[in-house]
Amino acid sequence: MFCFKCGASMPDDSTVCPQCATPVQSVPPAPPPAAPQAGAPTPASTSAWLNVPSTPSQYPPQAQYPPQGQPYSGGQAQTDGGAIVSLVLGIASFALCLSFITGIPAIILGHISWSKIRRSAGRLKGEGMALTGLILGYLSLPFILIVAAIAIPNLLRSRMSANEAAAMSTVRTINTLQVTYETTYPAQGYAPDLATLGNGPGGACGAPGNAEHACLLDGPLGAKRCTSGVWCQKGAYNFTISSDCAAASNAPADNRQQGDEGACKDYVVAASPVTSSSGLHNYCSLKDAVIRSRLGGPLTVPPTAEECAGWSPI
């Protein structure tokens, strides 16, 4: 070691300096560093650039929600609105006979509400109301079937009756037009077909009409194709005029006499439903203007005068 006064080197166990006789002063060892106390801030913890602020949690504490399968105890449970609506609709399906309008919605809302309440773990109530509306909705379904079983056949019968009434009215109209034609063109007699009563080849009626196209019948029944024995449709029925008469002669009516061989003295107007659901009766009429009917499906061949006379008069 060295003397602290003169700097001379001396042995480590010397008590005085051999050069200047200065006593050697012993330096007490440095005390060990004190252990940090619990809770005392450390330099690392007090450093501002090392301390990062804690980020608040994005999720609420788990203590607010009960574990799955345990009842909710955070407050008073609320009644589910779907359960109330389902109950009201279920009651209306019976009390107001609105099974078709309210029964099915009551079933749908009852299922949804009942399932939601069961999954809410006690936060929602009204399971009894939802179940009641659900049951009432199911019980109202037979009423829908009963009403449909009664209403649908009645609607079909009403539509058939309307179709048959319209067909008879058209047959009466054709009879009236035949009388008008026979009066206007006595040398021709009755019109041999619907086309003769119609509007002509071009679909437009001349002014005035003539024996070939009298312009008395318009629409689909007066078309050029509606010749003797050909069915032409109007509404739910097919119509035709059948006869053994020749078409109207091109000769002027003044040059012909009533009772000539070319005059048509008889005809049969027939009406037949387009399909089996259009009507239940076929109709026919002769020059006596009496409408006759026969129960049956659509006809393919018009009845003859003898056959029509055997049908039941109306």
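Residues are numbered from 1 along each chain as its sequence is written. Because the model is predicted, local features need pLDDT of at least 70 and side-chain atom pairs count only at pLDDT 80 or more, while totals for chains, interfaces and linings use all residues; side-chain values use heavy atoms, with hydrogens and water left out.

**Overall make-up**

The protein has seven helices and eight strands. These are DSSP runs numbered from the N terminus, with at least four residues (H or I) for a helix and at least two (E) for a strand. Of its 314 residues, 32% count as buried. Buried means under 20% relative accessible area, exposed over 50%, and partly exposed in between, with a 1.4 Å probe and protein chains only. The protein exposes about 19,600 Å², of which carbon and sulfur atoms supply 61%; the areas come from the Shrake-Rupley method with a 1.4 Å probe, and for residues only the protein chains shown count as cover. Among contacts with a separation of 6 or more, 51% join residues 24 or more positions apart, where contact means heavy atoms within 4.5 Å.

**Asp193**

Asp193 sits in the loop between helix H5 (141-184) and helix H6 (194-197). Asp193 is buried but has no salt bridge, and the nearest side chain of opposite charge, Lys224, is 12 Å away. A salt bridge here is a side-chain nitrogen of Lys or Arg within 4 Å of a carboxyl oxygen of Asp or Glu. For charge, Lys and Arg count as positive and Asp and Glu as negative; His and the chain ends are not counted.

The side chain of Asp193 makes a polar contact with the side chain of Thr196 at 2.6 Å, and reaches the backbone nitrogen of Ala195 at 3.4 Å. A polar contact is a pair of N or O atoms within 3.5 Å; within protein, one must be able to donate a hydrogen and the other to accept it, and residues adjacent in sequence count only if both atoms are side-chain atoms. Leaving aside neighbours within four places in sequence, Asp193 is in contact with Cys226, Thr227, Ser228 and Ile241.

**Aromatic pairs**

Rings of Phe, Tyr and Trp (its six-membered ring) pair if their centres lie within 6.5 Å; planes under 30 degrees apart count as stacked, over 60 as edge-to-face and the rest as tilted.

| Pair | Centre to centre | Angle between planes | Class |
|---|---|---|---|
| Tyr181 and Tyr185 | 5.1 Å | 50° | tilted |
| Tyr237 and Tyr283 | 6.2 Å | 40° | tilted |

Tyr237 lies in strand E4 (residues 237-242) and Tyr283 in strand E6 (residues 281-285), so their pair ties together parts that are 46 residues apart in sequence. Tyr237 is buried at 1% relative accessibility, and Tyr283 is buried at 3%. In the other tabulated pair, Tyr181 is buried with a relative accessible area of 1% and Tyr185 is buried with 15%.

**Single residues**

Cys215, in the loop between H6 and strand E3 (232-234), has a positive phi near 60° although not a glycine. Cys215 is partly exposed, with a relative accessible area of 21%. Ala289, in the loop between E6 and strand E7 (291-295), is also not a glycine and has a positive phi of about 70°. Its relative accessible area is 46%, so Ala289 is partly exposed.

Ser93 belongs to helix H2 (residues 81-95) and is buried at 3% relative accessibility. Ser93 and Ile104 are 11 residues apart in sequence and 9.2 Å apart in space, C-alpha to C-alpha.
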